[in-house]
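Hi there,

Here is the structure I promised to pass on to you. Please open it next to this email and look for each residue as you read.

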Amino acid sequence: MGVFLIAAGFPGADPGDVLRHTVELVEAAERAGFDDAWIAEHHFMTYGVCPSAATLAAVALGRTSRITVGTAVSVLPAQHPVALAEQAAVLHHASGGRFRLGVGRGGPWLELEVFGTGLDRYERGFPEALDLLCQALSGKPVSADGDFFRFREVPVAPPARMSPVVACTSDGTARHAARRGLPMLLGMHVGDEEKADMVARYDEAREGVAGRSHVCEEDVRPAHIAAAVCHVADSTPRAVRELKETLPRWLEPGLAGYVPVDGRPRPRRDVPAYVDLLCRIHPVGSPEHCVEKMRATVARTGLRHLVLMVEGTGSPARTLETVARLGAEVLPALRSL
């Protein structure tokens, strides 16, 4: 069980305060008994105000002693995979192995233009970048002779053997993860049926590729991770009411911040309908309701690693209360699964 922290930029919130509170939430999650905390990365938008998940993870690791901290996710097309591997290796060693790297394809957003990596890195370059990242995290020297990266062999210092987690929101990205034996991070925008279907398609794509040389972890069935919105109150109607009142204030301007770099049409969500969906398919309710929902997810999907987005009210005090109640009233009931 983990927490999934977006560093959500609610209207009126100071970004610096949001980042400090995000670190405090990792500390609170450790006290509450969570196993891990995952920090999201976003650029040039209020949906999330953390532009470097690895940097904030480093701060959180320095403030804690037990909990694992990961990125969910570092946007791979917006940076050099070897540079990202170097950062991950530093955090791995400095934290005593408590850091996990999550990466994602992201989207055709403005960071591709600002950072100069270009739209092609998003459209075609993800598989090559993912292979190079895995090579750089193999503990061995790394070289490249591809369409996007070309350089002589160099040692990675410090060397580290790590396997990244891959955010998967499409069949294509799931196939990339499967062919490399990498675990998936499944998002909170889909329910149990869609998650189970993605795992099934991953398993199909995974068949027959475990021995390929570029696979990060061979002959091991990866432990996938599923994200979910979670909010606890004394009753389920109260929890749902609270999120329906607060989530749209964040989601309306936050989702509008996704600006395509090439002017392509961007699908728009019906925010009230989206909030209603999130409250229906995720553990939003009384402690007993949350336990029931998460047990059902495990039974329907086979996924046994859940990470909970707990920032839905935009209130630091209310979020800390939710984390504490989850630790006291929900996690113990789930440990028997």
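Let's begin with the largest pocket: the element that gives the largest share of its lining is α9, with 3 residues. Please keep in mind that this is a predicted model.

**The largest pocket**

The volume of the largest pocket is about 1,300 Å³. Its lining is made up of 43 residues, and those closest to the pocket centre are Gly106, Trp109, Thr169, His189 and Tyr258. Two or more lining residues come from each of β9 (165-168), β10 (184-186), α9 (236-256) and α10 (271-281). Sorted by class, the lining has 25 nonpolar, 10 polar and 8 charged residues.

**The cavity**

How many cavities of 30 Å³ or more are there? The count is 1. The largest cavity holds about 100 Å³ of space. A set of 14 residues lines the largest cavity, and Asp192, Ala227, Ala228, His282 and Thr297 are the ones nearest its centre. At least two lining residues come from each of α8 (192-206), β11 (225-229), α11 (287-301) and β14 (306-309). Of these, β11 supplies the largest share, 3 residues. The cavity lining consists of 9 nonpolar, 3 polar and 2 charged residues.

Setting aside residues up to four places away in sequence, Met184 touches Val165, Val166, Cys168, Ala174, Ala177, Met198, Val199, Tyr202, His224 and Ile225.

The buried residues of α6 are Phe126, Glu128, Ala129, Leu130, Leu132, Leu133, Cys134 and Ala136.

**Thr71 and Gly102**

Thr71 sits in strand β3, and Gly102 sits in strand β6 (residues 102-104). Where do their C-alpha atoms lie in relation to each other? Although 31 residues separate Thr71 and Gly102 along the chain, their C-alpha atoms are 4.9 Å apart.

Thr71 counts as buried because its relative accessible area is 0%, and the cut-off for buried is under 20%. Gly102, at 1%, is buried too. The side chain of Thr71 also makes a polar contact, at 3.3 Å, with the side chain of Ser74.

Leaving out neighbours within four places in sequence, Thr71 is in contact with Trp38, Ile39, Ala53, Ala54, Phe99, Arg100, Leu101 and Gly102. With the neighbours of Gly102 left out in that way, its contacts are Trp38, Thr71, Val73, Ser74 and Val165. Look for Trp38, which is a contact of both Thr71 and Gly102.

**Thr64, in a loop**

Thr64 belongs to the loop between α2 (53-63) and β3 (68-71). Is Thr64 buried or exposed? Its relative accessibility is 11%, so Thr64 counts as buried. The side chain of Thr64 reaches the backbone oxygen of Ala60 at a distance of 2.9 Å. Beyond its neighbours within four places in sequence, Thr64 is in contact with Val26, Glu27, Glu30 and Arg98.

**Val284**

The last stop is Val284, in strand β13 (residues 284-285). Why does Val284 count as buried? The reason is its relative accessibility of 0%. Val284 and Thr236 are 48 residues apart in sequence, with 6.7 Å between their C-alpha atoms. Once neighbours within four places in sequence are left aside, the contacts of Val284 are Val229, His231, Thr236, Ala239, Val240, Leu243, Leu278, Cys279, His289 and Cys290.

How values were computed
Residues are numbered from 1 along each chain as its sequence is written. This is a predicted model: local features need pLDDT of at least 70, side-chain atom pairs count only at pLDDT 80 or more; totals for chains, interfaces and linings use all residues. Side-chain values use heavy atoms; hydrogens and water are left out. On a 1 Å grid over the protein atoms alone, a cavity is a set of points where a 1.4 Å probe fits but cannot get out, and a pocket is an open set with protein on both sides within 12 Å along at least five of seven lines; lining residues have an atom within 4 Å of a point. Grid points are joined across faces, edges and corners, and a volume is the space filled by probe spheres set on the points. Helices (H or I, at least four residues) and strands (E, at least two) are DSSP runs, numbered from the N terminus. Ala, Val, Leu, Ile, Met, Phe, Trp, Tyr, Cys and Pro count as nonpolar, Asp, Glu, Lys and Arg as charged, and the others, Gly among them, as polar. Buried means under 20% relative accessible area, exposed over 50%, partly exposed in between (1.4 Å probe, protein chains only). Contact means heavy atoms within 4.5 Å. A polar contact is a pair of N or O atoms within 3.5 Å; within protein, one must be able to donate a hydrogen and the other to accept it, and residues adjacent in sequence count only if both atoms are side-chain atoms.
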